[in-house]
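Please look through the sequence and the model below before reading on.

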Amino acid sequence: MIDLDLNRVAAPFQWPEIFGRSAPVDVEIGSGKGWFILELAAANPERDFLAVERAGKYHRLCCDRAARRGIANVRLLRTTAEDLLFRLLNEASVENLYVLFPDPWPKKRHHKRRLIKADVVAACLLYTSDAADDSKRVW
């Protein structure tokens, strides 16, 4: 079960239910084609990884790549960052949160679509475990 079905998983997420074990969890918002998260997951089998992508084409591509490589410690979810942050996560449940290349939406009429806003950044800090500790940061 690499591709998470929101109709079959309870919200907020319980990591042992999703991964079948207890391990530190890292999340990438906007995983795109999956290059970063799949390399990270392959190099760190002792950790679990959740990749979140809203674009169906890239989500499917990432799922296919993870399945072909047989990476067991990654799950992929097709949803928005806001859905993840404001509905699906428990407080302090994520070790590291990665947002690498968010779309800037530079036009004024598109500002509502921007990911990097005060409420989203506050949510990122809320859901990372002990954000005050330098070893656990939002990237």
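In which helix is the place of Leu61? Leu61 lies in helix H3, where helices (H or I, at least four residues) and strands (E, at least two) are DSSP runs numbered from the N terminus. This is a predicted model, in which local features need pLDDT of at least 70 and side-chain atom pairs count only at pLDDT 80 or more, whereas totals for chains, interfaces and linings use all residues. Residues are numbered from 1 along each chain as its sequence is written, and side-chain values use heavy atoms, with hydrogens and water left out.

Leu61 counts as partly exposed because its relative accessibility is 27%; on this scale buried means under 20% relative accessible area, exposed over 50%, and partly exposed in between, with a 1.4 Å probe and protein chains only. Although Leu61 and Gly34 are 27 residues apart in sequence, their C-alpha atoms are 7.8 Å apart in space. Helix H3 itself covers residues 56-69, and its 14 residues reach 20 Å from the first C-alpha to the last, close to the 20 Å expected at 1.5 Å a residue, the expected span being 1.5 Å times one less than the number of residues. Gly56, His59, Cys62, Cys63, Arg65 and Ala66 are buried in H3, and the buried residues of this helix pack against helix H2 (35-43), strand S2 (48-53) and strand S3 (74-78), contact meaning heavy atoms within 4.5 Å. Just after H3, Gly70 takes a positive phi of about 65°.

How many bridges join strand S1 to S2? There are 5 bridges between S1 (residues 25-29) and S2, and the two strands run parallel; two strands pair if DSSP finds at least two bridges between them. Within this pairing, Asp26 stands opposite Phe49 in S2. S2 also pairs with S3 in the parallel sense, over 5 bridges, and the bridge partner of Leu50 in S3 is Arg75. The chain crosses from S2 through H3 to S3, and this β-α-β crossover is right-handed, which means that, with the strands pointing away from the viewer, the path from the first strand over the helix to the second runs clockwise. S1, H2 and S2 make a right-handed β-α-β unit as well.

S1 and S4 pair in the parallel sense over 3 bridges, and in S4 the bridge partner of Glu28 is Tyr98.

Which residues of H2 are buried? They are Ile37, Leu38, Leu40 and Ala41. Seen down the axis of H2, these buried residues fall within an arc of 165°, so they line one face of the helix, the arc being that of the directions from the helix axis to the C-beta atoms. On the other side of H2, Trp35 and Ala43 are exposed.

Two backbone details lie in other segments. A cis peptide bond, with omega about 0°, joins Ala11 and Pro12, and Pro12 is found in the segment before helix H1 (15-19). Ala92, in the loop between H4 and S4, has a positive phi of about 55° although it is not a glycine.

Taken as a whole, the protein chain has 5 helices and 4 strands, and from the N terminus on its elements run α-β-α-β-α-β-α-β-α. Of its 139 residues, 45% count as buried.
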